[in-house]
Amino acid sequence: MSASGVRSLGQLKGILRDEIGRVDAIARTEGTVSVVIPPPLTTSTSASAAVASGTTPTSSTSSSASASAPTSTSASTSTATSTSTTSSTSATSSSVTTNIPPVAEELKVAAKQLRDSSTQFVMAVKGPALMMGGGVPVIDADAIAAIKQFAECCNVLCRAFEASYCLLCTPVANTLRNLVKKTLVSAVQLTTEIEGAGSKSISTHMGTLWNCCSAIAEFQFNNTEAVSIEIEKWIPSIKDAIEELNAALADPDEDFADLQQQLADLHVTVPEDAEEDDEDSEEEDEATGGFSTEEAELVPHVVALVKMAVVLIRNLATVTRKSTSSAHNWMEQCIQSASEAAKQVDELCLATYPPQRKDPLSLHTKHLFDAEVSLLSLAMHPDVTVTETEQQLFSMYRVKLDTLYATIQGQLLSRRR
């Protein structure tokens, strides 16, 4: 069923679920992909006009919606852009458009229109019932018009997403897919809530829908910027791992001290054998969760190696932002390498907590070292232009990595276990 044929909330949910299925099924098409810009919204009610213009209903036509689409259409008919829009656009894994294409602007416009139409949808369908203290909504002519408009906005959003998907490298395109899907799922949940007699969750689902639409409207369709954002998102979690490890080393017996204080507050006597021995033997340190002297000596070197992951991820993001490379596979490798480095940071930090074991620590150190070398190698990609100063900096990074790796492995080799 098309959006124009929708006359009930049940039919609307059916269309929305079909759109979710389409979004899930979209895959990158190798070779040449035809990019079709969705047509402007056509409306027949004053509520529909307000959706497109963002104002109160005053007419029966969607002037703003009609005005937004011809801009990109007329632009696409001018010289060079006409060829890329009306014929076909290359979407192979080795090429990408760096400027924001008209179809991406259409997706942003569609998201804003869907966000605005959701308010008209709720007020037209559920408003009268809410004013009367709740109850099942009455579907009159105005409500049907609002339902059709809401369905049409969802449909345009999905068609614009289909045309935009092929322009992005796979990880970024999948981020956009998840965002569009979350938008449609929240639309289904909103419709379900409106359909019922209650109204408690309407504002929650409305908020989710609005947030998703706003995120799509602000989405970065410049691959280099989008990839940089994807790379940098791992930095906070790595910093958290560093802080937790430093905190554990600075006060390893904090939890034990807290337990002693809690027992004292309850007037419970702590057995003498539960207290720390002044000799601080390795076995007793492990029993209370503290670091032995040998283990504590390794931690600063591990922290330094982990900090290099932050430096190299931020460095790769900077290089990516100013890159003129259009290789999808290189961009995807950048994102995957940052993700792998963050994963190996977690593994190494966990292995560094007492009781430390020689073999797992050696293995995870090697894995993080390899991940960081990969980050550095990607920043020195042949397609990426770097200055002589940056080349010298990269060389210093590599020397630092080699030194840290050799230091950690050297300390581990001297251990019995």
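Contact here means heavy atoms within 4.5 Å.

**View 1. The whole chain at a glance.** This is a predicted model, in which local features need pLDDT of at least 70 and side-chain atom pairs count only at pLDDT 80 or more, while totals for chains, interfaces and linings use all residues. Residues are numbered from 1 along each chain as its sequence is written, and side-chain values use heavy atoms, with hydrogens and water left out. Among contacts in the protein chain between residues at least 6 apart in sequence, 80% join residues at least 24 apart. The protein chain has 17 helices and two strands; helices (H or I, at least four residues) and strands (E, at least two) are DSSP runs, numbered from the N terminus. Of its 417 residues, 45% count as buried, that is, under 20% relative accessible area with a 1.4 Å probe, protein chains only.

**View 2. Helices H14 and H15 side by side.** Two packed helices are described by the angle between their axes and the distance between the axes. The axes of H14 (residues 293-321) and H15 come within 11 Å and cross at roughly 165 degrees; axes are lines fitted to C-alpha atoms over the stretch in contact, and angles run from 0 to 180 degrees between N-to-C directions. That makes H14 roughly antiparallel to H15, a term for angles over 145 degrees. From H14, residues including Val299, Leu305 and Ile313 take part in the meeting with H15, whose side includes Trp330, Ala338 and Leu348. By class, this contact of H14 with H15 has 14 nonpolar, two polar and no charged residues; Ala, Val, Leu, Ile, Met, Phe, Trp, Tyr, Cys and Pro count as nonpolar, Asp, Glu, Lys and Arg as charged, and the others, Gly among them, as polar.

**View 3. A cis bond between two prolines.** Most peptide bonds are trans. Here, a cis peptide bond joins Pro354 and Pro355, with omega about 0 degrees. Look for Pro355 in the loop between helix H15 (328-352) and helix H16 (358-379).

**View 4. Glu390 and its neighbours.** Glu390 has its place in helix H17 (residues 388-413). Its relative accessibility is 18%, so Glu390 counts as buried. A polar atom of the Glu390 side chain lies 2.8 Å from the backbone nitrogen of Thr387. Not counting residues up to four places away in sequence, Glu390 touches Lys322 and Thr385.

**View 5. Asn223 in helix H10.** Asn223 lies in H10 (residues 223-232) and is buried, with a relative accessible area of 1%. From C-alpha to C-alpha, Asn223 and Arg321 are 8.9 Å apart in space, though 98 residues apart in sequence.

Key
Angles under 35 degrees count as roughly parallel, over 145 as roughly antiparallel, 65 to 115 as roughly perpendicular and the rest as oblique. Buried means under 20% relative accessible area, exposed over 50%, partly exposed in between (1.4 Å probe, protein chains only). A polar contact is a pair of N or O atoms within 3.5 Å; within protein, one must be able to donate a hydrogen and the other to accept it, and residues adjacent in sequence count only if both atoms are side-chain atoms.
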